[in-house]
Amino acid sequence: MRRLIQCLAALSVAFCFSSCGGIQNSMNPAGPNAQKLSQLWWLMFIVCSIVYVAVIIAMFLSLRGRTDEAAERGPVLHLASDSERRRQTTVIAFISITIVILFVFLIASYTSGRALRLNDPSKNGLAIELTGHQWWWEARYNDVDASNIFTTANEIHIPVGVPVTFTLRSTDVNHSFWMPNLAGKKDLIPGKVTTMWLHADKPGVYRGQCAEYCGLQHAKMALWIVAEPQDQFNAWRQNQTQEAVQPASDVQKRGQQVFFATTCVMCHAINGTAAGSNIGPNLTHVGSRNMIAAATLSNTREHVVQWIRDSQTFKPGNKMPQNNLSDADLQSLADYLGSLK
C-alpha cells in the first residue's frame, strides 16, 4: 500500500509539472510581465498545496479521533465535552486562516495587476497595431516616419530588451491575445480598442494563441513572436518596409500572372504591385515567414501548394476558397510566393 501511494504521488507530481517548459508556457517566463504572473501562480500553487495536504491530514486525524472516542463512550449520549470544544476552536482557527489566505491572494493579485498597468512604454518602445480576424492575425508596425510603416501577418518580430505596446482590435468577433511566455492575455472586442505591453528579456521564438473561443477554427488561430537582438530586428524591419521583389525567372513571372488572373488578387495585397486588398493576409514578404495559415503549416513549397489548392482541408470554414488550378500553374504560383522574401 505504501509503495502504491508513493507511485501515485510521483505520477501526480509528474502530471503537474509535465508542461512547465517550452515555447508556450506561462511557467517559463521570458519577460517581466510573465515573470510577475508566474510568481503569482507559484504563490497560489504552493499555498493551495499546503492547505490541501493540511486538510487531508486533519480529516484523517478527525476520523481516527471520532472512532477512538466512540469506543470509549459506548452507546451513551454525552453533552459537549472538552474535546468538542477543542474541535470548535480548531474550526474557527481554520476559518480565520482561510480568510487571511484569501486576503493575501487578493492583495497579491491586485499588486501584480497594478504593476502590469503602471508601466507605460509607449513613449520609448515599439508600437504594433494587432487586429484579430477569423482566424488569423494582422500586425501593423506603426512609426512616426510613414516610410517605416508596414503590415505583416501571424509572425511578429520584436527586439530584445525593448518594451512593445500593442493596440488591439477585432474586425468580427471577440478574440484574445495571449503570449504565455511574455505576458498575460487581453481581449480584442469589436468596436473597442484595448492596449497591452510586453517585453522580452532574452532571444527566442514564442508561440501565442487566441484564448477566446471565436468560431470553428479557434484552436488554429495562433501566431509567433520572434524576439531577437536589436541589429537583427533592424535588418528584418528594413526588409519588411521594402516593396515586393520582382520575379526573377520565367516561372516566377508566370506565377505572378496566375496570382493576378485568379481570385488571389481579390483578397491579398503585395506592396509594389496592383494587388491591394486587405481581406486576407498581406503577402509582400510571405516567403520570409516560418509558418503559414496562422501557424497551422510550416512554410514549405509542398504546404503552400496544398494550401492554395484546398485550404479547407486544413482549416474548414476559413474564407479562402478552393482554387482549381493546373499543377503547372500551382507550381509557378508557389515559386512566385516563395520568392517574396
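This is a predicted model: local features need pLDDT of at least 70, side-chain atom pairs count only at pLDDT 80 or more; totals for chains, interfaces and linings use all residues.

Student: Why is N282 called buried?

Tutor: Buried means under 20% relative accessible area, exposed over 50%, partly exposed in between, with a 1.4 Å probe and protein chains only. N282 has 9% relative accessibility, so N282 counts as buried. N282 is found in the loop between α6 and β11; helices (H or I, at least four residues) and strands (E, at least two) are DSSP runs, numbered from the N terminus.

Student: What makes the link between the side chains of N282 and T284 a polar contact?

Tutor: A polar contact is a pair of N or O atoms within 3.5 Å; within protein, one must be able to donate a hydrogen and the other to accept it, and residues adjacent in sequence count only if both atoms are side-chain atoms. The N282 and T284 side chains are joined at 2.6 Å.

Student: How do you know that the buried residues of α4 are on the same side?

Tutor: In α4 (residues 230-240), the buried residues are F233, W236, R237 and Q240. They cover an arc of only 100 degrees around the axis, so they lie on the same side of α4. The arc is that of the directions from the helix axis to the C-beta atoms.

Student: Which strands do the buried residues of α4 pack against?

Tutor: They pack against β1 (126-133), β2 (136-142), β3 (150-153), β4 (155-159) and β10 (222-228), where contact means heavy atoms within 4.5 Å.

Technical notes:
Residues are numbered from 1 along each chain as its sequence is written. Side-chain values use heavy atoms; hydrogens and water are left out.
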